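Thanks for coming. I will take a few minutes to go through the salt bridges in this structure, and then we can move on.

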Amino acid sequence: MADPMTADTVKNAARILSRLRQQTEDVRRLTAGLDEQGLGRRVFHDKWSLKELVAHLHRVQQVFEGRVDAMLKRDNPEIEPYEPEGDNLFETMAARPAAAVLPAFFNDRERLLRGLESLGPEAWLRTGTHPEFPGYGVLFQIEYMAHHEAHHIYQMFQRRAQLARGEE
């Protein structure tokens, strides 16, 4: 008889990966057809532009992927909280032209998803120690990433709607 925990883990991982694939397509759709000026325009005062939001998603993905790698390679590693304020790498990424920001995100996303799809149930259950989240592990980290990203995709939807309104 199959272990129900293993079956649930596989089912949850597949659900989350499907969601991340869909969200990748949402990002592609919401940024499609805009030039550098449109992608870089801050339509709300002091709020990130579409390009900056994609750079943020990419940077967070890098951080979270590093955490997953640590959990896969070491037993229960310490996971440092991420503070986006003052992240110089994010600032560098966001300053690049959209023609570099978007393909970098999409290429890294596809590579990440292929890697995650190759994980077995045991890998999804690997854990780390995070000061804010008990029960922190690979599955939790990737689901957290999906929820965090969904919030920013909503913001992208709002930005895109404002850009379309300005084009009327």
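**Salt bridges, pair by pair**

Let me start with Arg21, which counts as partly exposed at 29% relative accessibility. Please keep in mind that this is a predicted model.

Arg21 forms a salt bridge with Glu110, and their closest N and O atoms are 2.8 Å apart. Arg21 sits in helix H1, residues 4-31, while Glu110 sits in helix H5, residues 98-117, so this pair ties together parts that are 89 residues apart in sequence. Glu110 is also partly exposed, with a relative accessible area of 31%.

Asp26 and Arg29 meet through their side chains in a salt bridge, at 3.6 Å from N to O. Both lie in helix H1, three residues apart, which is about one turn of the helix. Is Asp26 buried or exposed? Asp26 counts as buried, at 17% relative accessibility, and the cut-off for buried is under 20%.

Arg59 is in helix H3, residues 50-73, and Asp87 is in the loop between H3 and helix H4, residues 88-95, so the contact ties together parts 28 residues apart in sequence. Arg59 counts as buried at 15% relative accessibility, and Asp87 is buried too, with a relative accessible area of 9%.

How many salt bridges are there by this rule? The count comes to 13. That is what I have.

Note on methods:
Residues are numbered from 1 along each chain as its sequence is written. This is a predicted model: local features need pLDDT of at least 70, side-chain atom pairs count only at pLDDT 80 or more; totals for chains, interfaces and linings use all residues. Side-chain values use heavy atoms; hydrogens and water are left out. A salt bridge is a side-chain nitrogen of Lys or Arg within 4 Å of a carboxyl oxygen of Asp or Glu. Helices (H or I, at least four residues) and strands (E, at least two) are DSSP runs, numbered from the N terminus. Buried means under 20% relative accessible area, exposed over 50%, partly exposed in between (1.4 Å probe, protein chains only).
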